Amino acid sequence: MQEIVQGWGSQVVRVQFNQDWALHGRGEHSATEYMQALDQIIDWAAAFGAYSLLDLQWLDADTVYGRLDDEAKSPNHEAPLPNALTLDLWAGLAERYREEPAVLFDVFNEPHNPLSDDFLPIFLIDASGTPVESDVDFVSAEEWLPLARRLVAVIRRIHPDSLIFVGGIDWAFDLSRIRLDAPNIAYSTHVYPNRAQHQWPDAFGHSASEVPVFVGEWVARIKIWI
């Protein structure tokens, strides 16, 4: 952690975590142990002067949401959207870190359309604010924004001064229609080599002049000539 903060000059350390482990633990390790491990990371980062950005990466380590379109047909463990337990998760984290100004919240890593072989239901927010199962096979701003608003409201009810990060749709790339009427929101985009540069202005470039935009994940394609 000292090398990440002082050597690399990082002011924010993005900490990816697992919802199920935070709520229920894993194997012989309890949820309490898992949360104590997160506490340790946060304490180390804060001691060197950095923020910890808690990023909800996986809902659990076992469920496969289809397979990726790569040579290995790798199993995809990232859910298209959060589920009902995500509300409990963020309520607990907001309470745990309510007095810790060095903790930031990224409510869900990469909202995306279900893969072609992912037939699991996803959760949407109904008119009463309750997560309900749905068989929709796409995730647009209309599906993601009500969930994002609900998650922000859960956190803010407990931790009103929190800084919250909200990702775009299409694996967090597209922020063009992602806006929340709430203070202290930053918008997170993910940029990989399959995202052609001419797509950037529409996806997140124009947003940067209107709202805070954070590049949460990126991979540069670099050509080396020998």
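Predicted model: local features only at pLDDT ≥ 70, side-chain atom pairs only at ≥ 80, totals over all residues.
## Strand β7 and its neighbours

Let's start with a pairing: F165 has A186 of β7 as its bridge partner. Residues are numbered from 1 along each chain as its sequence is written, and side-chain values use heavy atoms, with hydrogens and water left out.

Back to β7, which covers residues 185-191. Strand β6 (residues 164-167) runs parallel to β7, and four bridges join the two. Strand β8 (residues 213-218) is also parallel to β7, with five bridges between them; for a pair to count, DSSP must find at least two bridges. Across from V215 in β8 you'll find T189. Together, β7, helix α6 (residues 200-205) and β8 form a right-handed β-α-β unit. Right-handed means that, with the strands pointing away from you, the path from the first strand over the helix to the second runs clockwise.

How enclosed is β7? Seven of its seven residues are buried, so the strand is largely enclosed by the rest of the structure. Buried means under 20% relative accessible area, exposed means over 50%, and partly exposed is in between (1.4 Å probe, protein chains only). One side of β7 has I185, Y187, T189 and V191, the other has A186, S188 and H190, and all of these are buried.

Helix α4 (residues 85-96) has 12 residues and should span 16 Å at 1.5 Å a residue; its end C-alpha atoms are 17 Å apart, which agrees. The expected span is 1.5 Å times one less than the number of residues. Buried in α4 are T86, L87, L89, W90, L93 and A94. They cover an arc of only 160° around the axis, so they sit on the same side of α4. That arc is taken from the directions from the helix axis to the C-beta atoms. As a rule, an α-helix has 3.6 residues a turn, so residues three or four places apart point the same way.

## R14 and its contacts

R14 is in strand β1 (residues 12-18). Its side chain makes a polar contact of 3.3 Å with that of D55 and one of 3.4 Å with that of H190. A polar contact is a pair of N or O atoms within 3.5 Å; within protein, one must be able to donate a hydrogen and the other to accept it, and residues adjacent in sequence count only if both atoms are side-chain atoms. Leaving out residues up to four places away in sequence, R14 touches residues including L53, D106 and F214.

## Two positive phi angles

Most residues other than glycine have a negative phi. K73 isn't a glycine, yet its phi is positive, about 50°. K73 lies in the loop between β2 (51-58) and α4 and is partly exposed, with a relative accessible area of 43%.

A172, in the loop between β6 and β7, also has a positive phi, near 75°. Is A172 buried or exposed? At 0% relative accessibility, A172 counts as buried.

Definitions and conventions
Contact = heavy atoms within 4.5 Å.
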